[in-house]
Amino acid sequence: MRTAATGLLLLVATACSVVPGAPGTASSGGASPSPSSAVPKVPQVSNPLDATKYEQDPCTVLTQAQAGEVFGAVRNRKAGGTVAPLCTWNDSNNSGISVGFLPKQGGLATTYENGINAGAGYFEAAPEVAGYPAAFSAVHDDRRSGGCQIAVGIRNDETFTVSALLRTSSSSYRDPCALVVKVAESAVATIKAGA
């Protein structure tokens, strides 16, 4: 499960050379819209947050009380990520949520570019998370099977991602995107309080 979460986090940090298609649909091999017409305007971060102290220790971005309340987490584990470490919290049935920071990686502009132009499994601009711009995006569209990922822009050159990989026993299995939004809101609250 941790490996899959790491793979989801890779999307926002790296790009692939894949023929773009419309989000959520397979490419028919026909003409694709030009990148300039297909790419929505990337929202800017109006109140940047300093997440430096969480980048190398992402397990501190959620308190045990927050992780327990939002997700029912009983344990967490820090692991290496592509740019910075990530933290995975698991509940008693081994469903997992992961949080990782991507400093100086182009922020949401990179998420938009990779999500729209790199053949992502899905990409959708998301409503703001506690006043910060966000997007749902991942390599594989597993939202109907307990998976979802959101990237939240906290600076114009930095995002953090929250990924869910849930078992069918999870109460959030049918709506994993609502869970990642709740976790992201808790993370923003922690970052604001720690700034």
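The legends below describe close-up views of one predicted model. Local features need pLDDT of at least 70 and side-chain atom pairs count only at pLDDT 80 or more, while totals for chains, interfaces and linings use all residues. Residues are numbered from 1 along each chain as its sequence is written, and side-chain values use heavy atoms, with hydrogens and water left out.

**View 1. The disulfide between C59 and C87.** A disulfide is a covalent bond between the sulfur atoms of two cysteines, and here the term is applied to a pair of cysteine sulfur atoms within 2.5 Å. C59 and C87 are joined in this way, with 2.0 Å from S to S. Because the torsion about their S-S bond is about 100°, the disulfide of C59 and C87 is right-handed. C59 sits in the loop between α3 (52-55) and α4 (64-71) and C87 in strand β2 (residues 86-90), so the pair ties together parts that are 28 residues apart in sequence. Helices (H or I, at least four residues) and strands (E, at least two) are DSSP runs, numbered from the N terminus. C59 is buried at 13% relative accessibility, and C87 is buried at 0%, where buried means under 20% relative accessible area, exposed over 50%, and partly exposed in between (1.4 Å probe, protein chains only).

**View 2. The disulfide between C148 and C177.** The sulfur atoms of C148 and C177 are 2.1 Å apart in this disulfide, which is right-handed, with 100° about the S-S bond. The pair links distant parts of the chain, since C148 belongs to strand β6 (residues 147-155) and C177 to helix α6 (residues 176-194), 29 residues apart. Both C148 and C177 are buried. The count comes to two disulfides, and when the bonded cysteines are numbered in sequence order, the pairing is 1-2, 3-4.

View 3. A135, in strand β5 (residues 132-138), is buried, with a relative accessible area of 0%. Its contacts (heavy atoms within 4.5 Å) include L108, F123, I150 and A151, not counting residues up to four places away in sequence. The C-alpha atoms of A135 and A151 are separated by 5.4 Å, although these residues are 16 apart along the chain.

**View 4. The nonpolar cores.** A nonpolar core is a set of buried Ala, Val, Leu, Ile, Met, Phe, Trp, Tyr and Cys residues joined through side-chain atoms within 4.5 Å. The largest has 39 residues, and W89, F101 and I191 are among those with the most contacts inside it. Helix α6 gives this core its largest share, eight residues. A second, separate core of seven residues includes V42, L108, A135 and A151.
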